[in-house]
Amino acid sequence: MITQEQQTIVDHAQLQKINGWQHIKVKGTPYECGFQEGYLLADEYADALRVYKFMTLESFGMDYDWFAEQALKLHRDMIPTRWLEELRGMAEGLTAAGVPTTTDNMIAWNDWMEITGYWWPQNAGKVMSRPLMKTHRKEHCSAIVATGSATVDGKPYLGHESFDEFWSGQYFNICKRVEPDDGYAFIMQASAPCMLSSMTDFYVTAAGLNITETTLAGFDRYDDAGMPEWVRIRDAVQFSATIDEFVDRLNKQNNGGYANAWLIADHNTGEIARFEQGLEFTSLERTFDGAYFGCNAVFDPRIRNLECKDNGFNDPRQQTGARRQRWMELIDQYYGKIDLEVVKKMLADTYDVYLGYNCPSSRDICAHYDVDPQYYADDPDAVWNIPFYPAGSCDAKAAGPDDVKNLKMWGRYGRADGVEFNARDFMDQHPLWKWMDGYLQDRPTQPWTLFD
């Protein structure tokens with residue numbers, strides 16, 4: 001039963017369901033922002049947790065609760081009070097809405113991607129007393145940022161789409177506007193309800209920054225003593241006014257978790273940057289004139305060779321190498337013409353450079369793993385190199401100068417090219433995946449939607 005005081009907190013929030021998205025606005029103290037989100041998205045969280053628990057055991061052989069225990073041992077005592085208060089608010093908001101939970105559960109929930117994807121590959125062999133364990137880290141996303149002579153008006157434009165398994169990507173439909181009591185307001189996509197940070201990483205901030213990332217393929221370093229990435233990025237987004245401040249905050253207590261190539265646009269100056277963050281090595285490129293892209297390929301040779309396994313940098317058969325080539329081709333093709341519509345068009349591109357023609361596949365900027373027979377894949381360590389894997393493009397986001405100025409963003413739920421995914425049809429055609437029945441949802445075609 002919600003109290004009058006709690007109802008007053010909720011009354012300052014808003015939730016709109018539109019074109020497949022949950023568009024939520026929260027405001028106030030950390031606790032108030034957390035409570036509002038937990039209360040309004042309780043049903044969505046409960047369903048996501050149900051699916052995550054099932055898929056965690058299926059994917060790793062260790063259950064969700066075991067990973068939650070490891071997350072709390074590692075990170076519970078290092079989370080700053082401000083963020084701990086927001087997580088407490090989420091827990092109490094969920095509980096008030098009829099989904100009982102605790103702050104500890106919120107810590108574990110936010111830590112899931114880092115613990116399973118970065119801590120576990122380093123520790124699985126120790127836990128199971130085995131010399132080799134196949135990792136389950138996946139390389140996510142395609143992204144571009146451009147400015148100066150590369151764009152139609154000399155101003156920055158940025159776009160991003162997330163890749164993931166469809167069971168998790170079906171929850172990438174949270175668009176959250178945060179108006180905090182301290183720091184800069186921002187709007188972001190979130191990978192699931194009740195996330196402190198985005199984790200799919202698309203941000204527009206009131207400081208004039210537009211931020212996104214793609215993960216570093218094959219990265220295999222982790223420092224147990226460092227701060228989780230989902231804490232560091234939330235701090236950097238909410239309290240940074242410049243590219244330099246963002247990089248400094250993100251680097252503080254870096255633990256190598258969720259290692260990314262960050263694309264940043266500063267709309268106050270027109271400058272853009274690509275910041276690759278490994279554990280021991282980092283690299284910052286910046287310009288007022290040109291374009292950067294992300295495709296999970298690692299550009300810094302120190303990070304690529306010393307902190308990563310094979311990541312397909314020069315291999316067009318692999319999704320990283322193929323998309324690296326395609327991004328170069330598209331930037332050349334549209335140089336000087338890049339605007340919001342061109343960014344959207346690039347994100348929807350399904351030209352396969354290895355085959356030499358338009359063909360939905362795992363190698364496309366808009367990836368379609370679910371229709372790819374994987375005849376040509378040559379990465380034995382890649383989890384997704386399985387024919388007809390239910391994974392690939394899960395969304396698309398974009399922003400231009402007017403959007404950032406007014407704290408807006410564009411989003412498309414579902415594949416970036418709009419092609420629908422029907423779970424029943426997929427499982428009927430590929431019965432090996434029928435074990436996911438009840439956990440895999442349809443994602444129909446949805447239009448681009450402006451969030452403000």
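Strands here are DSSP runs of E with at least two residues, numbered from the N terminus. I am reading a predicted model, in which local features need pLDDT of at least 70, side-chain atom pairs count only at pLDDT 80 or more, and totals for chains, interfaces and linings use all residues. Residues are numbered from 1 along each chain as its sequence is written, and side-chain values use heavy atoms, with hydrogens and water left out.

Next I followed strand 1 (residues 14–18), which runs antiparallel to strand 2 and is joined to it by five bridges. I noted that two strands pair if DSSP finds at least two bridges between them. The two form a hairpin with two residues between them, and Asn19 in the turn has a positive phi of about 50 degrees.

Is strand 2 largely enclosed, or open? I found seven of its eight residues (21–28) buried, so strand 2 is largely enclosed by the rest of the structure; buried means under 20% relative accessible area with a 1.4 Å probe, protein chains only. I also saw strand 2 pair with strand 6 (residues 174–180) in the parallel sense over seven bridges, with Val26 opposite Val178.

Then I stepped back to the open sheet of nine strands, ordered 1-2-6-7-8-9-10-11-12 with mixed pairing. Strand 1 and strand 12 (282–287) each have a single partner strand, so one side of each lacks a neighbour in the sheet.

Last, I checked strand 9 (residues 209–215), which is joined to antiparallel strand 10 (residues 260–266) by seven bridges; there Ile211 has Ile264 as its bridge partner.

Notes. Buried < 20%, exposed > 50% of the residue type's maximum accessible area, 1.4 Å probe, protein only. Helix = DSSP H or I, 4+ residues; strand = E, 2+ residues; numbered from the N terminus.
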